[in-house]
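Please consult the sequence and the structure shown below.

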Amino acid sequence: MAKYSKAMLAGLYKTLYTIRVFENSCIKLYRQGLIRGYFHPYLGQEAIATGVCAALEKDDYITSTHRGHGHCIAWGGDLKKMVAELLGKETGYCSGRGGSMHIADITAGNLGANGIVGGGIPLGLGAALGASIRGERRVAVTFASDGASNNGVFAESLNMAGAWNLPYILVIENNQYAVSTPIEEVTRVSDLYKRGPGYGVESVCVDGNDVLEVYQQAKEAVTLCRRGKGPVLLEAKTYRHMGHHVNDPGAYMPEETLAYYKSKDPVKIGRKYLLEMGKATEEEARDIEKAVEHEMEEAIEFAVTSPEPSLEEFLKEV
Ligand SMILES: Cc1ncc(C[n+]2csc(CCOP(=O)(O)OP(=O)(O)O)c2C)c(N)n1
Ligand SMILES: [Mg+2]
């Protein structure tokens, strides 16, 4: 494996840990009744957003999913605006009108989370097409999961991206379930990267729990796209650490499989890389964790004390 600087490993670990703390904190806020509806935690998938976004540059694009908090954080999202959005506050990313599944920051290139499964795929494709027509060196990345891969738009978009050599990376986070439906029950070929060659598209499969493996492959995919050799289909194998959403006990997830994936916890793997490869001390790792926990506390304080949308303006932007 390539060598990574201590600063790089510390940055990756900070992102991994931030996503973990954000999701666990939001589950608490949900249980306190402060977040209404429900949301889909990214717990267990942290290394994918972290590794892929670290391979991108600021003027690239991402499109996300209904399980989108991790993508937004890894893209550099503001925790205060995120928590405020989840709490339906005026200070949120979308003035509290969107909530968990509609966080977007268009000017920053985050083209948004999406409540429509597969909905981010044609948006990412369109962003890549725009970049290609304008002759820019930007790359567009879509995050989607296994369920989305059986939506027709997956096939159409991959084909079109291939035909037009677009700078497009379709990341399939194969967490092996669409709600409670295991991927092997709904397709004969559950190694989803194997679909890419049928469209002449460069395809690769990575261990989605290993942030450096994800980063390395994402970096190669980005390089190909910038050289006009895109698109790339990148499948990252992973597993949720809990049910489909915050209220799903996930009773259909076999205990031994869950235990196996928890033993390959992406946040712990990132910490190990920082200590062993980055030669950071235990104290330095704790300092990162404390800073993240502090930032999260501030974000919660900001969101809780932020105003609700006023009755007069309630329908603004809706
Ligand atoms: C087009 C569409 N069909 C169905 C749904 C209902 N739905 C919400 S999440 C989900 C499962 C999605 O599975 P997957 O794409 O694997 O994403 P994951 O939940 O694993 O992140 C479904 C069917 C939806 N939101 N949109
Ligand atoms: Mg899935």
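Which residues in H5 meet which residues in H6?

**Basis of the model**

This is a predicted model, in which local features need pLDDT of at least 70, side-chain atom pairs count only at pLDDT 80 or more, and totals for chains, interfaces and linings use all residues. Residues are numbered from 1 along each chain as its sequence is written, while chains are lettered from A and ligands numbered from 1 in the order in which they are written.

**Packing of H5 and H6**

On the H5 side, Ile121, Pro122, Leu125 and Ala128 meet Val153, Phe154, Ser157, Met160 and Ala161 in H6 (contact: C-beta atoms, placed from the backbone, within 7 Å). By class, this contact has 8 nonpolar, 1 polar and no charged residues.

Helix H5 (residues 120-133) and helix H6 (residues 152-163) pack at an angle of about 15 degrees, their axes 9 Å apart (axes are lines fitted to C-alpha atoms over the stretch in contact, with angles from 0 to 180 degrees between N-to-C directions). H5 is therefore roughly parallel to H6 (angles under 35 degrees).

**Helix H2**

In helix H2 (residues 46-54), 8 of the 9 residues are buried (20 or more other C-beta atoms within 10 Å of the residue's own). Among them are Glu46, Ile48 and Cys53.

**Asn174 in strand S3**

Asn174 is found in strand S3 (residues 168-174). Asn174 is buried because 24 other C-beta atoms lie within 10 Å. Not counting residues up to four places away in sequence, Asn174 touches Ser145, Asp146, Ile183, Leu192, Glu235, Ala236, Lys237 and Thr238.

Note on methods: Helices (H or I, at least four residues) and strands (E, at least two) are DSSP runs, numbered from the N terminus. Angles under 35 degrees count as roughly parallel, over 145 as roughly antiparallel, 65 to 115 as roughly perpendicular and the rest as oblique. Two residues are in contact if their C-beta atoms, placed from the backbone, lie within 7 Å. Ala, Val, Leu, Ile, Met, Phe, Trp, Tyr, Cys and Pro count as nonpolar, Asp, Glu, Lys and Arg as charged, and the others, Gly among them, as polar. A residue is buried if 20 or more other C-beta atoms lie within 10 Å of its own, exposed if 12 or fewer, and partly exposed in between; C-beta atoms are placed from the backbone.
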